[in-house]
Amino acid sequence: MSTAAAPVRPGAVLADLLPAARHRYAVDAALVLGGAALTGIAAQIAVPVPGSPVPVTGQTFAALLIGTALGARRGFLSLALYALVGMAGMPWFAEASSGWSMPSLGYVFGMLLAATVVGALARRGGDRSVLRTAGTMVLGSAIIYAIGVPYLALSTGMSMSAAVAAGLTPFLIGDALKAALAMGLLPTTWKLLGRRG
């Protein structure tokens, strides 16, 4: 019996390389649940930002990695599960919060869309080279902010410029570091799998 990895094929995401021919639905369900749980755990890595109701967290990085590793459909389902369970009361949003009334909920909605988009890009090779991964991560982050910042402004009554100052500007350096980490991690994983395949 061979334990070699399946050959890496175009249109695949990392999760597609798991051996699961007979149990695909069970594996997909486990991946979706695991992705939601990972996002919830990463959200607890939170550092408050002075003057902002939005902390720096690991959840945006987790959401983008989940999207690229699982693909658009499973990435969407993972983040949808994360959002729905958190809004229903599970304390796994940033800083063990939950519910509908948080000013940072727009970022969760942004992560849902971003995971879907970066998952679709990963199917087109958006995570296989350093430059493509950089573009994928930048686009994913932009989507999160495009939804999160206006939601922050609406939910708090801030002006858009104040929301940008509180909900975007303080996070740019951290996002650049997260993108750099992904730029090293994802293409390296593909290279290692390509050598095994």
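## A115 in helix α4

At 0% relative accessibility, A115 counts as buried (buried means under 20% relative accessible area, exposed over 50% and partly exposed in between, with a 1.4 Å probe and protein chains only). A115 lies in helix α4. Helices (H or I, at least four residues) and strands (E, at least two) are DSSP runs, numbered from the N terminus. A115 touches A63, G67, A72, G75 and L79, not counting residues up to four places away in sequence; contact means heavy atoms within 4.5 Å. L70 is 45 residues from A115 along the chain, and their C-alpha atoms are separated by 9.1 Å.

This is a predicted model: local features need pLDDT of at least 70, side-chain atom pairs count only at pLDDT 80 or more, and totals for chains, interfaces and linings use all residues. Residues are numbered from 1 along each chain as its sequence is written, and side-chain values use heavy atoms, with hydrogens and water left out.

## The nonpolar core

The largest nonpolar core has 48 residues. Such a core is a set of buried Ala, Val, Leu, Ile, Met, Phe, Trp, Tyr and Cys residues joined through side-chain atoms within 4.5 Å. L79, Y82, F93, Y107, V108 and M111 have the most contacts inside this core. At least two core residues come from each of α1 (24-43), α2 (59-70), α3 (72-87), α4 (105-123), α5 and α7 (172-196). Helix α4 supplies the largest share, 8 residues.

Helix α5 spans residues 130-156 and includes T136. T133 is buried, with a relative accessible area of 0%. Leaving aside neighbours within four places in sequence, T133 is in contact with G126, D127, R128, A182, M183, L186 and P187. T136 is buried at 4% relative accessibility.

I144 has a relative accessible area of 3% and is buried. Beyond four places in sequence, I144 touches T60, L64, Y107, G110, M111 and A114. F171 is 27 residues away along the chain, and the C-alpha atoms of I144 and F171 are separated by 12 Å.

## Y107 and the cavity

Y107 is in contact with V54, I144, Y145, G148, V149, L152 and G167, leaving aside neighbours within four places in sequence. Y107 also lies among the residues nearest the centre of the largest cavity, along with V54, P55, T57 and T60. A cavity is a set of points, on a 1 Å grid over the protein atoms alone, where a 1.4 Å probe fits but cannot get out; lining residues have an atom within 4 Å of a point.

The structure holds 1 cavity of 30 Å³ or more. The largest cavity has a volume of about 230 Å³, a volume being the space filled by probe spheres set on grid points joined across faces, edges and corners. β2 (56-57), α2, α4, α5 and α7 each give two or more residues to its lining. The lining has 20 residues: 12 nonpolar, 6 polar and 2 charged. Here Ala, Val, Leu, Ile, Met, Phe, Trp, Tyr, Cys and Pro count as nonpolar, Asp, Glu, Lys and Arg as charged, and the others, Gly among them, as polar.

## One face of α6

Helix α6 covers residues 160-167, and its buried residues are A163, A166 and G167. Seen down the axis of α6, they fall within an arc of 75 degrees, so they line one face of the helix. The arc is that of the directions from the helix axis to the C-beta atoms. The buried residues of α6 pack against α4 and α5.

Conventions:
On a 1 Å grid over the protein atoms alone, a cavity is a set of points where a 1.4 Å probe fits but cannot get out, and a pocket is an open set with protein on both sides within 12 Å along at least five of seven lines; lining residues have an atom within 4 Å of a point.
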